[in-house]
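Here is a short report on the fold, the helix packing, the cavities and the backbone geometry. Keep the model open while reading.

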Amino acid sequence: MSIGVCYFPEHWPRERWETDVEQMADAGLEYVRMGEFSWSRLEPARGEFDFEWLETVLEYVGDRGMQAVLCTPTATPPRWLVDDHPDILQENRDGTTRHFGGRRHYCFNSQAYALETDRIVTRLAERFADHPVVAGWQTDNEYGCHDTIRCYCEDCSDAFSEWLRERYDDVEALNEAWGTHFWSQRYNDFEQIQPPRSAPGNHNPSLRLDYYRFASDSVVAYNERQVEILREANDDWFVTHNFMSHFGHLDAYDVCESLDFAAWDSYPTGHTQHHARDELSTDDLLAGNPDVVGFDHDLYRSAADGPFWVMEQQPGDINWPPYSPLPADGAMRLWAHHAVAHGADSVVYFRWRRCRQGHEQYHSGLRSADGSPDDGYADAADAAADLEGLPEPTSVDAPVALLHEYDNLWALNVQSHAPEFDYWEHLETYYRALRARGVAVDIVPPTRDLDAYAAVVAPTLHLVDDEIAAHLHEYVETGGQLLLTMRSGVKDRSSKLLNEAPPGPLAELVGATVEHHEAPHPTMDRTLEYDGKGFDSRIWNERLSPETATVTGTYRGGTTAGIPALTTNAVGDGQVRYCGVWPEESLADALVTDVLADAGVPVTPEPLPTNVRIVERDGYSWVLNFTSRDRRLSVPNEAAVLLGTDPIPAYDLAVVEAPMTEIDVS
């Protein structure tokens with residue numbers, strides 16, 4: 001477990017570099033990340049390379065006992081390269097070119113840019129192949145930032161046609177899969193098919209889904225070519241990439257297949273504002289929501305099936321959310337511990353010093369623009385000292401899997417059928433319920449091996465085939481506890497409605513089918529009864545027709561009174577629950593705790609207070625207080641409190657050597 005920082009020596013005078021690195025070492029930082037936007041400094045003109053400045057900084061880093069993470073600079077092709085190859089630029093859906101002037105202005109399917117990528121990555125890899133200070137590499141930077149996964153240029157059109165040919169082999173198979181007789185959209189040849197560019201009306205949802213798959217696959221292939229070059233130069237290097245929060249255009253599971261571990265960029269106050277569906281509290285604005293951030297920690301830990309890094313950690317106020325209040329005192333230290341508790345091996349703050357020029361002048365650093373320490377510097381130093389004094393945990397042992405799939409996200413985004421229906425938010429409804437009971441969660445695709453999990457929660461498995469159904473059936477039959485939710489088993493993998501009633505191939509597991517569904521207007525009340533108690537639902541409701549399942553919840557009042565909404569079905573040695581509504585918080589808690597009880601998964605006696613979480617990693621429990629009030633801490637007499645005090649102050653934490661079930665916080 002370690003702390004690091006992102007550094008841009010090219011932004012500062014040469015005479016400042018050694019001082020900066022010395023101050024990093026004084027703060028206890030172990031890693032320095034550099035180079036992701038430096039192509040024009042590394043190669044000022046074609047073939048004229050200048051690596052001396054980077055080698056000088058690496059020498060300073062090594063002299064202070066630290067290590068470096070270098071980045072391939074491909075996120076920002078320089079002006080001279082765009083002048084040489086203007087065809088590398090992306091195009092929007094309406095055909096307008098995305099010109100030079102920001103970043104991420106290249107097309108993933110440009111063969112010219114692929115060759116330029118090979119050239120610069122090879123030169124860098126060869127130059128630093130034997131450098132003792134370079135521990136590993138980050139490929140590119142934030143694939144897809146500024147909405148840049150999906151390009152609509154001719155290179156993409158040609159590549160899409162070829163991708164479809166490989167996927168379907170015969171164009172008639174594609175016509176059948178897409179249902180192209182609708183609106184006379186039938187194709188005679190793969191070359192006729194273009195990206196879903198600007199058009200009157202909506203494109204075929206099956207075409208859009210496949211285009212989203214293709215665009216993601218294009219990034220996967222582009223990343224793999226960089227990884228291959230780096231590994232060939234030095235197989236001892238680690239290779240990672242820094243993903244973004246709740247980013248839906250890129251399949252992170254696919255990208256991670258070629259990486260040693262995943263990394264992501266964590267900005268709690270920004271992400272909490274960006275993903276908010278309800279009114280934010282002051283605590284949310286000053287420290288972020290632990291479940292919004294925790295979801296990404298767990299997603300990227302699970303995507304590569306191992307420890308992850310936070311490659312960019314918010315250091316203070318930032319420039320991109322709608323509002324940027326100063327984070328609470330201690331929040332930057334709290335965020336580092338939160339990441340480590342969820343399985344992070346390293347937390348790297350972005351950035352060392354507030355930049356004096358360019359787009360990010362209002363993005364803080366650990367040091368202010370004048371070079372003096374900012375609030376984040378003390379927090380980063382404190383976090384480094386904390387981690388140095390703690391035992392080194394090895395893993396996160398999650399007893400529950402939350403199933404998540406980008407194909408479902410894409411299909412539901414194409415046809416949400418309700419303005420408030422958001423796939424991420426629906427997943428988080430159940431994620432929050434699990435985390436509020438102190439339960440560790442892996443976020444994995446439905447194809448992942450599930451044998452190790454006592455319970456599986458599967459929100460909205462929208463696109464289902466017989467293979468997925470058989471996989472889940474095997475899990476339940478051998479004793480697994482499965483919770484399925486509304487809008488599951490509705491479509492096939494091409495995004496066409498199934499011939500049979502939902503949940504389609506999952507009907508035997510559920511023991512019921514969906515007779516009707518609705519997306520009620522927000523002013524329409526929908527109440528139901530579960531376990532003798534009344535609850536509200538919202539956004540989506542289904543009326544179930546049970547066959548072998550037992551009805552456990554029914555609608556109350558009006559024309560739906562008494563109609564089944566929730567069921568339970570025994571399958572082999574296991575059990576399947578089905579929730580046909582979007583539950584509010586208390587119903588989600590009731591469902592989750594019942595599933596966990598049947599699965600034998602320990603939980604806290606009551607839900608944890610809002611924005612307070614206990615996260616267990618390898619026998620150590622982090623008690624994290626994301627609120628402005630002190631929290632009382634109760635632990636067993638024999639338990640060692642390795643860090644922190646009772647009470648836990650506002651925006652602070654404690655680390656206890658005890659299971660989370662033996663800890664009480666109020």
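For sorting residues, Ala, Val, Leu, Ile, Met, Phe, Trp, Tyr, Cys and Pro count as nonpolar, Asp, Glu, Lys and Arg as charged, and the others, Gly among them, as polar. The model is predicted: local features need pLDDT of at least 70, side-chain atom pairs count only at pLDDT 80 or more, and totals for chains, interfaces and linings use all residues. Residues are numbered from 1 along each chain as its sequence is written, and side-chain values use heavy atoms, with hydrogens and water left out.

**Cavities**

A cavity is a set of points on a 1 Å grid, over the protein atoms alone, where a 1.4 Å probe fits but cannot get out; lining residues have an atom within 4 Å of a point. Grid points are joined across faces, edges and corners, and a volume is the space filled by probe spheres set on the points.

The whole structure holds five cavities of 30 Å³ or more. The largest cavity has about 60 Å³ of space. Its lining includes Glu142, Tyr143, His241, Asn242, Phe243 and Met244. Phe247, Leu250, Ala252, Tyr300 and Tyr406 also line the largest cavity. By class, the lining has eight nonpolar, two polar and one charged residue.

**The parallel sheet**

Helices (H or I, at least four residues) and strands (E, at least two) are DSSP runs, numbered from the N terminus. Two strands pair if DSSP finds at least two bridges between them.

Nine strands form an open sheet with parallel pairing, in the order β5-β4-β3-β2-β1-β9-β8-β7-β6. Its edge strands are β5 (238-240) and β6 (242-243), each pairing on one side only. Inside the sheet, β2 (residues 31-34) pairs with β3 (residues 67-71) in the parallel sense over four bridges. Met34 has Leu70 in β3 as its bridge partner.

Helix α12 (residues 290-303) packs on this sheet and touches β6, β7 (263-266) and β8 (308-313). Its direction makes about 170° with that of β7. Contact means heavy atoms within 4.5 Å. Axes are lines fitted to C-alpha atoms, for helices over the stretch in contact, and angles run from 0 to 180 degrees between N-to-C directions.

**The antiparallel sheet**

An open sheet of four strands has the order β21-β22-β25-β24, with antiparallel pairing. At its edges, β21 (612-617) and β24 (640-643) each pair on one side only. Neighbouring strands here are turned by 25° against each other on average, direction ignored.

Four bridges join β22 (residues 620-625) to β25 (residues 653-657) in the antiparallel sense. Val623 has Ala654 in β25 as its bridge partner. Helix α13 (residues 331-341) lies across β21, β22, β24 and β25, at about 145° to β22.

**A helix pair**

Helices α6 (residues 154-168) and α7 (residues 171-178) pack at about 90°, with axes 9 Å apart. That makes α6 roughly perpendicular to α7, a label for angles of 65 to 115 degrees. Phe160, Leu164 and Tyr168 in α6 meet Ala173, Leu174, Ala177 and Trp178 in α7. The contact has seven nonpolar residues, no polar and no charged.

**Backbone geometry**

| Cis peptide bond | Omega | Loop |
|---|---|---|
| Phe350 to Arg351 | about 10° | Arg351: between β9 (344-349) and α14 (375-389) |
| Pro502 to Pro503 | near 5° | Pro503: between β13 (481-485) and α18 (507-510) |

His246 has a phi near 50°, a positive value in a residue other than glycine. His246 sits in the loop between β6 and α9 (252-256).

Definitions and conventions. Parallel < 35°, antiparallel > 145°, perpendicular 65-115°, else oblique. 1 Å grid on protein atoms, 1.4 Å probe; cavity = no way out; pocket = protein on both sides within 12 Å on 5 of 7 lines; lining within 4 Å.
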